[in-house]
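Welcome! Please take a look at the sequence and the 3D structure below, and then read on for a short tour of its charged side chains.

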Amino acid sequence: MLSRLLKEHQAKQNERKELQEKRRREAIAAATCLTEALVDHLNVGVAQAYVNQRKLDHEVKTLQVQASQFSKQTAQWISMVEGFNQALKEIGDVENWARSIEMDMRTIATALEYVHKGQLQTTCS
(Lines give C-alpha, C1' and ligand atoms only; values in the text may rest on other atoms or scores of the structure.)
Protein backbone atom coordinates (compact mmCIF):
# COMPACT_ATOMS: atom_id res chain seq x y z
CA MET A 1 0.00 0.00 0.00
CA LEU A 2 2.76 2.41 0.86
CA SER A 3 4.58 1.40 -2.23
CA ARG A 4 1.46 1.99 -4.28
CA LEU A 5 0.98 5.42 -2.70
CA LEU A 6 4.61 6.22 -3.40
CA LYS A 7 4.22 5.18 -7.03
CA GLU A 8 1.02 7.19 -7.37
CA HIS A 9 2.74 10.20 -5.78
CA GLN A 10 5.73 9.85 -8.11
CA ALA A 11 3.42 9.41 -11.10
CA LYS A 12 1.49 12.56 -10.16
CA GLN A 13 4.77 14.44 -9.66
CA ASN A 14 5.98 13.29 -13.07
CA GLU A 15 2.68 14.37 -14.62
CA ARG A 16 2.99 17.76 -12.91
CA LYS A 17 6.62 18.12 -14.06
CA GLU A 18 5.63 17.22 -17.62
CA LEU A 19 2.69 19.60 -17.49
CA GLN A 20 4.92 22.30 -16.01
CA GLU A 21 7.58 21.67 -18.68
CA LYS A 22 4.91 21.76 -21.40
CA ARG A 23 3.53 25.04 -20.04
CA ARG A 24 7.10 26.43 -19.79
CA ARG A 25 7.76 25.55 -23.47
CA GLU A 26 4.40 27.07 -24.47
CA ALA A 27 5.21 30.21 -22.49
CA ILE A 28 8.64 30.45 -24.13
CA ALA A 29 7.08 29.90 -27.57
CA ALA A 30 4.40 32.52 -26.86
CA ALA A 31 7.02 35.00 -25.58
CA THR A 32 9.13 34.37 -28.67
CA CYS A 33 6.13 34.94 -30.94
CA LEU A 34 5.24 38.11 -29.06
CA THR A 35 8.81 39.39 -29.27
CA GLU A 36 8.97 38.64 -33.00
CA ALA A 37 5.63 40.35 -33.56
CA LEU A 38 6.76 43.44 -31.64
CA VAL A 39 10.08 43.55 -33.48
CA ASP A 40 8.31 43.10 -36.84
CA HIS A 41 5.88 45.88 -35.96
CA LEU A 42 8.75 48.19 -35.00
CA ASN A 43 10.72 47.21 -38.09
CA VAL A 44 7.78 48.14 -40.31
CA GLY A 45 7.71 51.61 -38.77
CA VAL A 46 11.48 51.98 -39.01
CA ALA A 47 11.47 50.76 -42.62
CA GLN A 48 8.73 53.23 -43.51
CA ALA A 49 10.63 56.06 -41.81
CA TYR A 50 13.76 55.07 -43.76
CA VAL A 51 11.83 55.05 -47.06
CA ASN A 52 10.31 58.45 -46.22
CA GLN A 53 13.75 59.83 -45.33
CA ARG A 54 15.18 58.64 -48.65
CA LYS A 55 12.27 60.25 -50.51
CA LEU A 56 12.81 63.50 -48.60
CA ASP A 57 16.55 63.43 -49.35
CA HIS A 58 15.81 62.94 -53.03
CA GLU A 59 13.28 65.78 -53.02
CA VAL A 60 15.77 68.06 -51.23
CA LYS A 61 18.42 67.35 -53.86
CA THR A 62 15.93 67.95 -56.66
CA LEU A 63 14.82 71.20 -55.05
CA GLN A 64 18.43 72.34 -54.64
CA VAL A 65 19.14 71.67 -58.32
CA GLN A 66 15.99 73.50 -59.37
CA ALA A 67 16.76 76.44 -57.08
CA SER A 68 20.26 76.66 -58.54
CA GLN A 69 18.89 76.58 -62.08
CA PHE A 70 16.30 79.21 -61.21
CA SER A 71 19.00 81.41 -59.70
CA LYS A 72 21.11 81.13 -62.86
CA GLN A 73 18.10 81.83 -65.06
CA THR A 74 17.16 84.82 -62.94
CA ALA A 75 20.71 86.18 -63.25
CA GLN A 76 20.47 85.78 -67.03
CA TRP A 77 17.13 87.59 -67.08
CA ILE A 78 18.54 90.43 -65.00
CA SER A 79 21.48 90.69 -67.37
CA MET A 80 19.15 90.75 -70.37
CA VAL A 81 16.94 93.43 -68.79
CA GLU A 82 19.98 95.55 -67.98
CA GLY A 83 21.15 95.19 -71.59
CA PHE A 84 17.69 96.14 -72.81
CA ASN A 85 17.67 99.19 -70.54
CA GLN A 86 21.10 100.20 -71.83
CA ALA A 87 19.88 99.81 -75.43
CA LEU A 88 16.84 101.97 -74.65
CA LYS A 89 19.11 104.63 -73.16
CA GLU A 90 21.29 104.53 -76.26
CA ILE A 91 18.23 104.83 -78.49
CA GLY A 92 17.16 107.83 -76.42
CA ASP A 93 20.66 109.33 -76.81
CA VAL A 94 20.58 108.74 -80.58
CA GLU A 95 17.14 110.28 -80.77
CA ASN A 96 18.33 113.36 -78.88
CA TRP A 97 21.43 113.53 -81.08
CA ALA A 98 19.23 113.26 -84.21
CA ARG A 99 16.97 116.06 -82.96
CA SER A 100 19.98 118.19 -82.17
CA ILE A 101 21.43 117.60 -85.65
CA GLU A 102 18.03 118.28 -87.21
CA MET A 103 17.72 121.58 -85.33
CA ASP A 104 21.27 122.56 -86.36
CA MET A 105 20.50 121.67 -89.97
CA ARG A 106 17.32 123.76 -89.92
CA THR A 107 19.24 126.66 -88.42
CA ILE A 108 21.88 126.32 -91.13
CA ALA A 109 19.21 125.97 -93.83
CA THR A 110 17.42 129.07 -92.55
CA ALA A 111 20.70 130.97 -92.44
CA LEU A 112 21.51 129.89 -95.98
CA GLU A 113 18.05 130.98 -97.14
CA TYR A 114 18.56 134.41 -95.57
CA VAL A 115 21.96 134.68 -97.16
CA HIS A 116 20.63 133.56 -100.50
CA LYS A 117 17.68 135.98 -100.27
CA GLY A 118 20.09 138.73 -99.25
CA GLN A 119 22.30 138.00 -102.26
CA LEU A 120 19.30 137.96 -104.55
CA GLN A 121 18.15 141.32 -103.24
CA THR A 122 21.59 142.88 -103.63
CA THR A 123 21.93 141.48 -107.11
CA CYS A 124 18.45 142.66 -108.07
CA SER A 125 18.96 146.12 -106.71
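## What counts as a salt bridge

A salt bridge here is a side-chain nitrogen of Lys or Arg within 4 Å of a carboxyl oxygen of Asp or Glu. In general terms, side chains of opposite charge can pair when their charged atoms come close.

Keep in mind that this is a predicted model. With the definition above, the structure holds five salt bridges.

## The pair Arg-99 and Glu-95

Let us begin with Arg-99 and Glu-95, whose side chains meet in a salt bridge with an N to O distance of 2.5 Å. How far apart are Arg-99 and Glu-95 in helix H1? They are four residues apart, and so about one helical turn separates them.

Now for their surroundings. Arg-99 is partly exposed, because its relative accessibility is 46% and partly exposed covers the range between under 20% (buried) and over 50% (exposed). Glu-95 also counts as partly exposed, at 39% relative accessibility.

## The pair Arg-106 and Glu-102

Further along, Arg-106 forms a salt bridge with Glu-102, and their closest N and O atoms are 2.6 Å apart. Both residues belong to helix H1, with four residues, or about one turn of the helix, between their positions. Glu-102 has a relative accessible area of 39%, which means that it is partly exposed.

Helix H1 covers residues 2-124, and Glu-21 and Arg-24 both lie in it. This time the two partners are three residues apart, again about one turn of the helix. They form a salt bridge in which the closest N and O atoms are 2.5 Å apart.

Are these two residues buried, exposed or partly exposed? Glu-21 is partly exposed, with a relative accessible area of 29%, and Arg-24 is partly exposed as well, at 44% relative accessibility.

Return for a moment to Arg-106, which is paired with Glu-102. Elsewhere, salt bridges that share partners join Glu-21, Arg-24 and Arg-25 into one network.

## A look along the helix

To finish, find Ala-111, another residue of helix H1. Ala-111 is partly exposed, with a relative accessible area of 38%.

What is the separation between the C-alpha atoms of Ala-111 and Met-1? Those atoms are separated by 162 Å, and the two residues are 110 residues apart along the chain.

Technical notes:
Residues are numbered from 1 along each chain as its sequence is written. This is a predicted model: local features need pLDDT of at least 70, side-chain atom pairs count only at pLDDT 80 or more; totals for chains, interfaces and linings use all residues. Side-chain values use heavy atoms; hydrogens and water are left out. Helices (H or I, at least four residues) and strands (E, at least two) are DSSP runs, numbered from the N terminus. Buried means under 20% relative accessible area, exposed over 50%, partly exposed in between (1.4 Å probe, protein chains only).
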